[in-house]
Amino acid sequence: KEFLKALEAQPNNFNDFASLGLAFLRDKNFKEAKYYLEKAIQNNPTDYSSIANLAMAQTYLGELNSAYSNFSKAFFKSSRARTYLYFDNSVMLPAIK
């Protein structure tokens, strides 16, 4: 709720979009997570953590080609995202095999 209120005050705030996307991802609301993470990436296309989170949401939504593309993008561009993907690959790797 706090992030939604913050977005009303600053409608293009990258951090709020990214935080909302992550919150929805953790709540397993993958459709909403995807929406907010896409908004975050529109506002900051080089935030590879948001790209990796988007890939995770896409994986759960069955959008495996898009997920794979985004995981690859995040993995090759960011050491932080590589660490994230290393610890969370239990979701993506079985899905694409």
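Colleague: Where is Asp-47 found?

Modeller: Asp-47 sits in the loop between α3 and α4 (48–60). Helices here are DSSP runs of H or I with at least four residues, numbered from the N terminus. This is a predicted model, where local features need pLDDT of at least 70, side-chain atom pairs count only at pLDDT 80 or more, and totals for chains, interfaces and linings use all residues. Residues are numbered from 1 along each chain as its sequence is written, and side-chain values use heavy atoms, with hydrogens and water left out.

Colleague: Is Asp-47 buried or exposed?

Modeller: Start with the scale. Buried means under 20% relative accessible area, exposed over 50%, and partly exposed in between, with a 1.4 Å probe and protein chains only. Asp-47 counts as buried because its relative accessibility is 15%. The C-alpha atoms of Asp-47 and Ala-74 are separated by 8.5 Å. Along the chain, those two residues are 27 residues apart.

Colleague: How are two packed helices described?

Modeller: By the angle between their axes and the distance between the axes. An axis is a line fitted to C-alpha atoms, for helices over the stretch in contact, and angles run from 0 to 180 degrees between N-to-C directions. Here the axes of α3 and α4 come within 9 Å and cross at roughly 150°. The two helices are therefore roughly antiparallel to each other, a label for angles over 145 degrees.

Colleague: Which residues of α3 meet α4?

Modeller: Contact means heavy atoms within 4.5 Å. On the α3 side they are Phe-30, Ala-33, Lys-34, Leu-37, Glu-38, Ala-40 and Ile-41. They meet Ser-50, Ile-51, Asn-53, Leu-54, Ala-57 and Tyr-60 in α4.

Colleague: How many aromatic pairs does a search of the whole structure find?

Modeller: Four. Rings of Phe, Tyr and Trp (its six-membered ring) pair if their centres lie within 6.5 Å; planes under 30 degrees apart count as stacked, over 60 as edge-to-face and the rest as tilted. Phe-24 and Tyr-36 form a stacked pair, 5.6 Å centre to centre with 10° between the planes. This pair links distant parts of the chain, with Phe-24 in helix α2 and Tyr-36 in helix α3, twelve residues apart. Tyr-36 counts as buried, at 12% relative accessibility. Phe-17, Phe-24, Tyr-35 and Tyr-36 form one aromatic cluster.

Colleague: Where is Lys-28 found?

Modeller: In the loop between α2 (14–26) and α3 (30–43). Lys-28 is exposed, with a relative accessible area of 65%. Its phi is near 65°, a positive value in a residue other than glycine.

Technical notes:
Angles under 35 degrees count as roughly parallel, over 145 as roughly antiparallel, 65 to 115 as roughly perpendicular and the rest as oblique.
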